[in-house]
Amino acid sequence: MKAAAALATGGSDYCETSSTRICLAREGADEKNRQYSLWCRACAAGAPSAIWCQLMTSAESPAARRALGSITDLLDRHIGWFTLGPAILLLLLLTVYPIINVVLMAGSSIHFEAGQEVWKFALWSNLRELEHDRIFRVALRNTAIYAVASVLIEMALGLGLAILVSSMRRMKGFMRTLLIVPILLPPVAIGSMWKLMYSFDFGVMNQVVTGLGFQPVNWLGSTSLALISVIIVDVWHWTPFVFLILFAAVEGLPTEVIEAARIDGARTYDIVFKIIIPLLKPAIIVAALFRTILAFKVFDEIFLLTSGGPGNSTEVVSLYLYQVFFEQNQLGYGALLSLAIITATIVFILIGYRVKSATEAS
Amino acid sequence: MLVLRGYSRLIGIFLLTLSAFIIVAPFLWVALQSFKYEIQILQGTWFTEPTLHNYVDVLWSQRSDFLKNVLNSMIVAGVSTICVLVVGTLAAYSLARLRWKRWIAAGFLAWTLVFNMIPPLTLVGPWFLIFREIGLLQSLFALVLTHITLNLPMTVWMMMAYFNELPRDIEEAAMVDGCRRIDAFWRVSLPLVAPGLIAAGVLAFVFSWNEFAVALNLTSRATATVPVAIAQFSQQYEVQNGQMAAASVLSTIPALLLMFFGQKFIIQGLTMGAVK
């Protein structure tokens, strides 16, 4: 297999190597690539793939054929820019240009007069506002609590579920099907569903609580509980995602190691904590990173459930941005906040990258 | 794999049943509410004669534009998915197969990563101003553009992984036989990454269908998508709980359909790259 690859990619001499030889060398080498070897067999049997290319350019009339040919020639000659170009253009217009705009906006105050934007230089007052912005600090703190708590709980539950499901002989497919559902539901629908369930008067959560003989709980209305309630929703929503990733990883583990450990008399506890979890470490890190990013971006559910209230007890970064931009109409100051958040994200990525390469090196 | 026996097996089965119940229960309870009259919901009655009143109200009443919203969502999710597949697959092919200068490739990938990690709301403000400037504010076109951009990083990274799994020799063999690069891409590589296209397409469609933060700020009443409409049901002065439940249940239908028909691809898409 490797020899064939080397033959094919080995610098300038691959032109002399006939594709038939490559194919013969490849044939049957790789069980997974059966589809390609089918194709290879076809060309080994003397059906050159050039036929396909002729098929593509054979239009009805010669003129149309020539026109089509010249277009494909043009495409072929500049294929790099035709393939990557659209994506670059899109990113330049819709991400890079807006971020340049954010930088400009951050130093200004913008308001609308008779449908016209009026920009004024206000960098210093914006910075002063940021310095004294108590709510932004609360939002940062809440986002951190929210992200750390929900990711930790989801990792623990997801890992437990993954190991448990993989130890079952039946129900594997069923559990996996069931657990995809919350990931695919619109976060807004999840927010409104849980809003109904958390309702003080008629929600099912309070029916359960009173059924157990306790006082009804004000899930979303009390400052001490609201953040916890929101975290519960997040755990319900995203534990399945962690489960999916870790379950795929558990299923991919080498069974021999675990068999050997069991034959040597290891207990279930030891197998789980000393073999399975250490082997899963890379997948666990990836799942935790994915989840942290998503938790940091949270907006929809909290917007639906509490809109940041009561007080500022569930105010998170995205929600505060929305309020500054679109409720208080402070476009300039909102841009400064955005800039701060983008910078913080890039710093986070750099740190994460360092951690990742450090763990890979060790 | 781990094998549980005796009591621990029973406990395991119990825990699994419990978690399956916890996943399903909220959905069932809300579905149950959607078949009740408002007064019955407020009283917390459990068993009532089911009524379709809420669904009729959501879909056909004067006050709600739900069907219009569904149409908007369909257009936005459908068009943006097709566009992001085209743009993203081409870019992924380009980065995986063609020789780019290191700084271009690395810069492109790093930028998509950063963009994927920042909260979209940091960019909604400038988007609002830009689209306002060129007169596209509150149009479906603007929303489609932003959704393509939001889903581009995921598509590029996923499709790159699929292209990298294909051996280069396949394409090179075709080119030695006289295919041009573009034919090799179209005739040989693209059919082989079809599973990846489906996985990326399904996920892009779901994300676009579910997207709320951008749609909330860039649409008007006429161009609102389904999530925006659901949010409005719960933000009105007089909260209509039954309608809220009915609208939530209706909005989950595409997700449920995809779960049944595209499950394999969704799992592939969600877990890929994490498990190697």
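Biologist: At what angle do helix 1 of chain B and helix 13 of chain B pack?

Modeller: Two packed helices are described by the angle between their axes and the distance between the axes. Here helix 1 (residues 6-34) of chain B and helix 13 (residues 241-251) of chain B have axes 8 Å apart, at an angle of about 125°. Axes are lines fitted to C-alpha atoms over the stretch in contact, with angles from 0 to 180 degrees between N-to-C directions; helices (H or I, at least four residues) and strands (E, at least two) are DSSP runs numbered from the N terminus. The two helices are therefore oblique to each other (under 35 degrees is roughly parallel, over 145 roughly antiparallel, 65 to 115 roughly perpendicular, the rest oblique). Note that this is a predicted model, in which local features need pLDDT of at least 70 and side-chain atom pairs count only at pLDDT 80 or more, while totals for chains, interfaces and linings use all residues. Residues are numbered from 1 along each chain as its sequence is written, and chains are lettered from A and ligands numbered from 1 in the order in which they are written.

Biologist: In which hand does helix 1 of chain B pass helix 13 of chain B, and which residues make the contact?

Modeller: The crossing is left-handed (the near helix is turned anticlockwise from the far one by less than a right angle; clockwise is right-handed). Helix 1 of chain B contributes B:Val30, B:Ala31, B:Gln33 and B:Ser34, and among the residues of helix 13 of chain B are B:Gly242, B:Ala245 and B:Val249 (contact: C-beta atoms, placed from the backbone, within 7 Å). Five of the contact residues are nonpolar, five polar and none charged (Ala, Val, Leu, Ile, Met, Phe, Trp, Tyr, Cys and Pro are nonpolar, Asp, Glu, Lys and Arg charged, the others, including Gly, polar).

Biologist: At what angle do the axes of helix 16 of chain A and helix 17 of chain A cross?

Modeller: The axes of helix 16 (residues 317-327) and helix 17 (residues 331-361) of chain A come within 8 Å and cross at roughly 160°, which makes the pair roughly antiparallel. Their crossing is left-handed. Among the contact residues are A:Leu321 and A:Phe325 of helix 16 and A:Leu337 and A:Ile341 of helix 17; by class, there are eight nonpolar, two polar and no charged residues.

Biologist: How many residues does the contact take from chain A and from chain B?

Modeller: Chain A gives 104 residues and chain B gives 95. Helix 6 (residues 79-106) of chain A supplies the largest share of the chain A side, 15 residues. That side has 76 nonpolar, 21 polar and seven charged residues. Between the chains, helix 9 (residues 172-184) of chain A packs with helix 14 (residues 253-261) of chain B at about 145°, with axes 10 Å apart, in a right-handed crossing. A:Ile180 and A:Leu184 are among the residues in that contact, as are B:Leu258 and B:Met259.

Biologist: In which sense do strand 1 of chain A and strand 2 of chain A pair?

Modeller: Strand 1 (residues 108-113) and strand 2 (residues 116-121) of chain A are antiparallel over six bridges (pairing requires at least two DSSP bridges). A:His111 has A:Val118 in strand 2 as its bridge partner. Two residues lie between the strands of this hairpin, where A:Ala114 takes a positive phi near 50°. Chain B, by contrast, has 15 helices and zero strands.

Technical notes: Two residues are in contact if their C-beta atoms, placed from the backbone, lie within 7 Å.
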